[in-house]
Amino acid sequence: MTTTPARLRSASGAGPRAAISEKTLRTDRWWLQPLLVFLGLGAFVVYGLVRAIMNNYYWADAEHYLAPFYSPCLTQSCVEGSSHFLGQPIPQLPSWISPAMIILVLPGGFRLTCYYYRKAYYRSFWLSPPACAVPDGHKTYSGETRFPLIFQNIHRYFFYAAILVGSVLTYDAVIAWHGKDGGIGMGLGTLILAVNAVLIWAYTLGCHSCRNIIGGRLKHFSKHPVRYRAWGFVSKLNAKHQQFAWASLFSVIIADAYVMAVSAGWITDFRFFN
Ligand code: FES
């Protein structure tokens, strides 16, 4: 079939699409959401890079606050007091490699391959497409069938790693109940780390892979009442996955920045008691 103005092939080759001279017929501000996502994710990446390179100010000793970007601190390069139940199984690192660079692979990979974030950055960074009813920024489209995007399939394995990360951040929130003079105490950092752990769990358990692991491959929910209830709970979180993706992204930055500021002595932790 010859291509005529009235009959063009779609970018995927799946079928004809209408020949419209305008790039899009949308007249609303369709570009605003991808732009905001671009700025938000871009800011997070820049912050993460700066923190990973900084290699300092991640442990506030008096308050027992550990910055999430450096948790767990697993190398012999970690500052005294910052390595907890997992110890320091990794030897001393060269000065240009920080402990954060090792551990951020897991939560970073989890978010990078997340179904929601994929949609977000495919639209805002790759314009593929930037919005519904707006043309793709590329001439060809191969989906996630080829290298490197075929590796997005490993998301389900990152989910298991994310369970470990959530557990470690929960542990960090528990040890943050530490009094500056010993015993139990609570500061603003304790609250921030606790809220961060809750939001990280809400994001992690709302994962599509988690929902499939809990409720998938069952023929009869009636024969698995516990899994059914768990699936119902996870499904509620899943329905808000986008919101929890953003909330936990902000909370982890706030928690990390707060601990950095306390650790560096830029601010004094506000104490509720002890
Ligand atoms: Fe988003 Fe799994 S789909 S974390």
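What follows is a short chat about a predicted model of one protein chain.

Visitor: How many helices and strands does the chain have?
Guide: In this predicted model, the secondary structure of the chain comes to 9 helices and 6 strands.

Visitor: And what size of box do the C-alpha atoms fill?
Guide: Taken along the principal axes, the C-alpha atoms fill a box of roughly 80 × 50 × 40 Å, and of the 274 residues in the chain, 39% are buried.

Visitor: What about the surface, how much of it belongs to carbon and sulfur atoms?
Guide: The accessible surface comes to about 15800 Å², and carbon and sulfur atoms account for 66% of that area.

Visitor: Switching to cysteines, which ones form a disulfide?
Guide: The structure holds 1 disulfide, and it is formed by Cys 73 and Cys 78, whose sulfur atoms are 2.2 Å apart. In general terms, a disulfide is a covalent bond between the sulfur atoms of two cysteines.

Visitor: Is that link left-handed or right-handed?
Guide: The link of Cys 73 and Cys 78 is left-handed, with -95 degrees about the S-S bond.

Visitor: Why does Cys 78 count as buried?
Guide: Cys 78 counts as buried because its relative accessibility is 8%, and the cut-off for buried is under 20%.

Visitor: Then what about Cys 210, how far away is the nearest cysteine sulfur?
Guide: For Cys 210 the nearest cysteine sulfur is that of Cys 207, 6.4 Å away, and Cys 210 is in no disulfide. Cys 210 also counts as buried, at 2% relative accessibility.

Visitor: Where does UniProt put the transmembrane regions?
Guide: The unreviewed UniProt entry gives the annotation "transmembrane region" to residues 30–50, 96–117, 157–177, 183–203 and 244–267.

Visitor: How much helix is there in 157–177?
Guide: Residues 157–177 are 90% helix and 0% strand, and the end C-alpha atoms are 32 Å apart. For residues 183–203, the span is 76% helix and 10% strand, with its end C-alpha atoms 32 Å apart.

Visitor: New topic: which residues form the nonpolar patch on the surface?
Guide: The patch is made of Trp 31, Leu 35, Leu 36, Phe 38, Leu 39, Phe 125 and Trp 126, which together have about 680 Å² of accessible area.

Visitor: Where is Leu 39 found, and how accessible is Leu 39?
Guide: Leu 39 is found in helix α1, which runs over residues 32–54, and at 49% relative accessibility Leu 39 counts as partly exposed.

Conventions. Residues are numbered from 1 along each chain as its sequence is written. This is a predicted model: local features need pLDDT of at least 70, side-chain atom pairs count only at pLDDT 80 or more; totals for chains, interfaces and linings use all residues. Side-chain values use heavy atoms; hydrogens and water are left out. A disulfide is a pair of cysteine sulfur atoms within 2.5 Å. Buried means under 20% relative accessible area, exposed over 50%, partly exposed in between (1.4 Å probe, protein chains only). UniProt positions are given in the numbering used here, feature names are shortened, and annotations may be inferred rather than shown by experiment. Helices (H or I, at least four residues) and strands (E, at least two) are DSSP runs, numbered from the N terminus. Patches are made of residues with over 30% relative accessible area and no salt bridge: like charges are joined within 9 Å, nonpolar side chains (Val, Leu, Ile, Met, Phe, Trp, Tyr) within 5 Å. Accessible areas come from the Shrake-Rupley method with a 1.4 Å probe; for residues, only the protein chains shown count as cover. A salt bridge is a side-chain nitrogen of Lys or Arg within 4 Å of a carboxyl oxygen of Asp or Glu.
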